[in-house]
Structures are given as C-alpha cells and as structure tokens.
Amino acid sequence: MAFGTPATRLQTTIGDNTFIIETGRLANQADGAIWIQSGDNVVLVTACTQTLEMDKGFFPLVVDYQEMSYASGRIPGGYFRREIGRPSEREVLVCRSIDRPCRPLFPKGFRDEVQIIATVLSADPFTDPDILALTGASTALHISKIPFLGPIAGARVGYVDGQFVLNPSYAALNGPSTLNMVFAASRDAVVMVEGGGRFVTEDLIADALEWGHKQIIPLLDLQEELRNKVGVPKIEFTPPQINPEIDAKVTELATADMTAALSITDKMERREARKKVKTAVLEAIAAAYPEHPEFKGQAKELMEKMEKSIMRERIRSTGTRIDNRDLTTVRPIATEVGVLPRTHGSCLFTRGETKALCVATLGSTGDEQKIETLTGDSSKRFMLHYNFPPYCVGEVKMLRGPSRREIGHGALAERSIQQVLPSSEDFPFTIRVVSQVMESNGSSSMASVCGASLALMDAGVPITQPVAGIAMGLIKEGDEFHVLTDILGDEDAMGDMDFKVAGTHDAVTGIQMDIKITGIPQAVMRKALYQARDARQHILGKMNEVLAAPRPELSPNAPQLAVVMVNPEKIREIIGPGGKMIKAITAETGASIDIEDSGKVSIFAPTLEALEKAKERVMYFDQKADVGRNYQGTVTKVLDCGVVVEILPGLDGLVHVSQLDTERVENVADVVKLGQPMEVKVLDVESNGRVRLSRKAVLFEEQGRPYDPADYPKTGGARRPGGDRGGRGGDRFGGRGGDRRDRR
C-alpha cells in the first residue's frame, strides 16, 4: 500500500471474545500482513512468496511462529538475552498447527516458495495467542496474491461444567476444563484437530467439533469482507499439463506391474518392487523421447497418481487393503517388557511392521525440565521424547537433532499418557520416556503411546490405567467414505485422512487429525471415532496379556526415595552457608535432595545404602527424641547441675544431678567423666525442644524396679552459676542449641 493509505480494520464478537483483524499498518511490503487481536493478545502474521528458478519437486512452504519475550513484559533468559537459535518446542508445535491445515489448500502443482511468519507482539496472561496465529495466517494468504483455497479459521474448545467454551482461559484449561482441543475449519468442514482431554468420550469430541465449527463462521465472514475491501488479484496459476501421449504410454507400461507390486504385503519388498517399476518406466520414456526431458517428470507424476488410484480402487471395490486386511482389522501385535536389563522400565511394542522401543527413566524433582514461556517460568515433571532415526525406514540421513515431526509426535504421545500419571504428591519422581522407533510402517506415534504405557508399568510407575493409540485413515471416492483402521504408511500417504486417537478402555486422552480433502461429514467423523475405540480396546486387551497393571515395586535400578519432614527452622542448617552442607551430602552419597519450605525433604538416591546414609545426614540436623525410650549416648559436658548427653547425632539433653544415680550425688565429677558412654531414658521433651534425661530410671529398670514417670518430677532445670538455666537455647543444654564449640 502507498504511504499514507489508512489501515483497514474489521472486528467481530463471538460470545465473550472480540476479534480484530487489521491490515495496512505494519509490514506493508509483505504480500499479505495481518494484525489480529483478541483481548490483549496481538499477533502479526505475514505471508510472502517468490518464484524459484528451479522446481524443487515439492511445494516449499515454510511456517514460523515466534513468541517475543517483550510481548509479556519479560527479558529473555540465556547468555545473549535475546530470542535467538532454534525455536522452542512450544513454537514448533504452533508452527505445525498452522502448517497442517494450510498446506493442503494450495493448488496442486504450485511450486513457488511461500513463507508464513507469525510473531506474538503482545500476550495477555489469560488466554493463549496460538489460535490467533492460525486465523491470521489464513487471512494474510487470503488477501494476498498467493493462490490459496481458503479461508479457514482456528479456535480452541474447552468443556467446563457441562458447557463448551470457545478459547478458554489458562485458568480454565489448567483447572475445571476437561477438554483442550484446537481445530481449524473451512466453511464446509473441520480440516485439522489437535488436543486431548481428561478421559472424554468420543461423542463429546464430535459434539465439540460440531459446536466449535459453528462458532467460527463469523471469522470466515470477516476474512471474506477484508478480501473484498483490500484483496489483490491472485497469481494466475495453471497446473502443469500432462502430455496425453505420455499418459497413455505410462498407463500401458506400468499398470500391470504396479498393480502386482502393490499386492506385496511386506513393506520393504513392496517398496523395492515399486521402485523397479518406476525405474523401468522412466528409462523407457527417456529412451523413447530423448528430445523431451520434461516427459520424465510427467511420467513420475503419473505413476504416483497410478499408485494412489490402484490402492484406493482396490479398497473401494473389494474392501481389501494392501496387506490383505479388511477395513477394521488391527495388524498383529507383539509385546515384550523388561527387555533392557539396566533401565528402569522398557517395552518393545510391535504392531505389524511398526516397532517402537520405549524406555522409562525416573529421576528426582531436580531433573524437571525448566521452561521459559510468555506466561512465566514453569517446570515439567513428565517428558516423552520420540525419535525417528533414518534406519527405521531403511534410509540414510544426517542426525541433526529432533525434527518438527518428531517434536509433534512426541507431544501427542506425551499428552495421551499425561492423564493417567500419578500426582506429584503421591509419586514425586520426574518421569521421562523415550520412544526409539525401530521400524516404521504407519503410526509409530501410536505405537509409542502403547509402548510408553507398558514401559511405565514395567518401571513400577502407578499409572491409573493403561493407554493405547490407533491411527485411522479414510478413502473418499465420490460420495463414498471408507474408514480404515490401523493404517499403513502407504495408506497414510495415498489416503485422505490421518486421524490418531489415544486413550484408555473407555475414554479418549489424546487426538490429532489431518485431512487432505475439503472435509468430512459429522457422521463419518463419529464413525471413525467409534471404529478407533473398538481398535483401541482390542490393543489394550493384547497389552494386558503381557502386563495388566503396574509392577507393585519400583525397578531396583530406579532411584530409591525417602520423604522425611523436618522442622522448617532447620532448613537453613541442612543447606548450610552457600549450600555447603547439602552439596557435601550429595557428593558423599550421590543422592539428590529436594527441600520444600514446608520442611518436606525428598531424598533420591542410587542405592538403598546411599539413601539411608543421606537420610541420616539430613536427619542429623533435626533429631527428635521419643519420650520413654532408652538411648545409648555420650557425655559431652560435665556441669555442676548435671551432665549433657548426646543421644542422637546433633541432639542432646540434660541429665540433672538428681537423675544421675539411685543414690544422692554430691559431686557430679565423682560419678561421671567427659566422653563416658551412658544409657539414659527420655523423661520429657518440652515445648521449647528441651530434652530431659534420666540415668536413674535406667538403673532402676536394671534392678527390676518398675519405671514410673511420677517418680521423676520435672526439675525445672537447675540454675548454674551466673543465672543460666540448664536446657535449650542460649547456652542451654537441651537439643542442639547452646554453644556448639563446647559440645565436642
């Protein structure tokens, strides 16, 4: 827009949410730029395109989402104090939620480079700005010259007190809401779903999507109105035309052999057979048309269409799939637990040709992941990391850290398992599960859910219920819809839907759906959910045959845990100046010690011996004497009024002169020597912590005389010269108070 052109600003209200979209004020050199706002959340979304000199063979769409710390009035952490480096996992997940619904809406064959950047400029502390980025991306594309088959809009649906809530607050999501589901939809249908819930039903999910879809129609209307006001003509794009002669030639050369190749049930054999067919056809085309090198690319595209057509037609006409299953059968399942001897818990879960090795590891609260977000710093006690190494699909590729796909699949599996974990109060361990995909032929993320559940139970983590997951597919031919259970990799690539559902026997805990067509009817959505429930229950039955409940004891390789309570006033002494004492205990025992302000001390140690040693060192600072119990102690002070005896590490008490012997004692030094061992009985622990001891009571018991506390009245603490009173505090004797330099 030219300098001085006023910005165009539109708004609409949906329930309690007011949405503002504006263009013309910022980033005017982008092909499309949208300021989208709701409450104090403001996101700037830009879309740019440029023509590539060379066709890369795929659509090079890049989506970036960035949360600027200044948006919430914060300075970023780290050495450089700026937003640099790779995006956080949170930012990657939002990128994926924008990319997945937008990518299928670009015209097939469009190869120009497109970049979408969503930047959070202002973040309020009440609601998440992520759904604004999704709607803003669609709006920026819709008003630009970039060909885009939108618009779409995004929203989050919660479920609070029996009512659906659009874009619920953080407080609701972390509190009463049993549902947290993000979706994107066009005017006709839902095209993307991502979320989870606290044991919600399939019907609730379907109802939530139906309700949410109706709510976002005003956002679609707003985008259309904005395009009518400021939209520019779209780039004229004509999909590449296929030469009819090449089409006929490829059909003649490849149909029979490709049909045969797609009948092979083993993935690697099938892949090799398909590769041979493609190679032979491409060589034949190149030899027949040496003056038209472009025909080779057309032939490759035609064979991809042919594969898709053959696979889909077989399902439509016969109800039989590539591996000869019907539409609802789950592939064979094999499960092993405890496969790794030194880990805390492990499981090798196999479903068909997909295999995931899942390993559970327990750590202390100090192992929690620290996360810096727009709403403040937080910690995370459960992590599920999904790794998809190249060897699992027989490929060669550099290892460069987790990809966006790996982060997304890990988050889905983590969300699915999260709901069945014990609370931190009941089980104060930090928990990490790693899913290492060993082989993949469809839905390794759902295999990771199953394997993670079993690995946790193998480690002895008291999860409330086992969790399983299944991936559903879809073939749409005309008005026919065929829902597929437990899809293969090829059925995912050549089908119309990838719908992952995870949960317990009776409820859903995690869900993710991507659709490659314009949408599916509600009836088909419900059918897929019900079919997924049947498959999930079947898988859980197979899992229960191996391990039906968590092991009753933690793995012997897991950290040993003890929780003790100490006087909060003693925390400073346990930690020591500059952490000196706590560091010394950790270095000596190898234990990790977490101390809360309430006085709760959690001790995690590698062995039982180390645990007992660390516990003893901690309790040294907060020993408590049991009234009526005998202790073997050591005399640490000899006074005129009696002696001080250390009965426990760091805990001593006063034996008054009247309690030293069965006979009257005139001179304490005549009866007791410094350093002398002495067995004493605890007569009383006063409210100020002072401990009164008696040697006389022990001697009476040795003589067979009964012990009666009434025989040993309180002495009140004899006065010493100078007016100091025997007992605790100042230079008093009970407990660990007093002048420590005189105690040794």
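Tutor: Start with Ile84. Its relative accessibility is 45%, and the cut-offs are under 20% for buried and over 50% for exposed, so Ile84 counts as partly exposed. Keep in mind that this is a predicted model.

Where is Ile84 in the chain? Ile84 sits in a loop. Strand E5 (61-67) comes on one side of that loop, and helix H1 (89-102) on the other.

Together with Tyr79 and Phe80, Ile84 makes up a nonpolar patch on the surface. The accessible area of the three together is about 430 Å².

Now look for charged residues. Glu67, Arg90, Asp128, Asp130 and Arg156 are joined in a network of salt bridges.

Over the whole structure, the search finds 47 salt bridges.

Take three of these pairs. Glu22 has a relative accessible area of 4%, which means it is buried. Arg25 is at 44% and counts as partly exposed.

Next, turn to Arg415 and Glu194. Their side chains meet in a salt bridge of 2.3 Å, N to O. Arg415 belongs to helix H9 (residues 404-418), while Glu194 belongs to strand E10 (residues 190-200), so the pair ties together parts that are 221 residues apart in sequence. Arg415 is partly exposed, with a relative accessible area of 23%. Glu194, at 15%, is buried.

Then comes Glu395 with Lys397. Here the closest N and O atoms are 4.0 Å apart. Glu395 is partly exposed at 39%. Lys397 is at 55%, over the 50% cut-off, so Lys397 counts as exposed.

Now go inside. The largest nonpolar core has 123 residues. Which of them touch the most other members? They are Phe106, Ile417 and Phe499. Helix H10 (residues 444-459) gives this core its largest share, 10 residues. Domain 1 (8-230) and domain 3 (333-546) each supply at least three residues to the core.

Those two belong to a longer assignment. The chain is also given domain 2 (244-318), domain 4 (560-620) and domain 5 (629-709). How far apart are the centres of domain 2 and domain 5? Taken over C-alpha atoms, they are separated by 96 Å.

Finish in the later part of the chain. UniProt, in an unreviewed entry, lists residues 628-696 as "domain: S1 motif". In the model, that stretch is 51% strand and 7% helix. Its end C-alpha atoms are 13 Å apart.

Within those numbers lies Val645, in strand E26 (residues 642-648). Is Val645 buried or exposed? Val645 has a relative accessible area of 0%, so Val645 is buried. Compare the position of Val645 with that of Ala118. The two are 527 residues apart in sequence, and their C-alpha atoms are 71 Å apart in space.

Last, return to the starting point. Ile84 is partly exposed, whereas Val645 is buried.

Conventions: Residues numbered from 1 in each chain as written. Predicted model: local features only at pLDDT ≥ 70, side-chain atom pairs only at ≥ 80, totals over all residues. Heavy atoms only, no water. Patch = residues over 30% accessible without salt bridge, like charges linked within 9 Å, V, L, I, M, F, W, Y side chains within 5 Å. Areas by Shrake-Rupley, 256 points an atom, 1.4 Å probe, with all protein chains shown as cover. Helix = DSSP H or I, 4+ residues; strand = E, 2+ residues; numbered from the N terminus. Buried < 20%, exposed > 50% of the residue type's maximum accessible area, 1.4 Å probe, protein only. UniProt positions renumbered as here; feature names shortened; annotations may be inferred. Core = buried A, V, L, I, M, F, W, Y, C linked by side-chain atoms within 4.5 Å. Domains from an automatic or database assignment.
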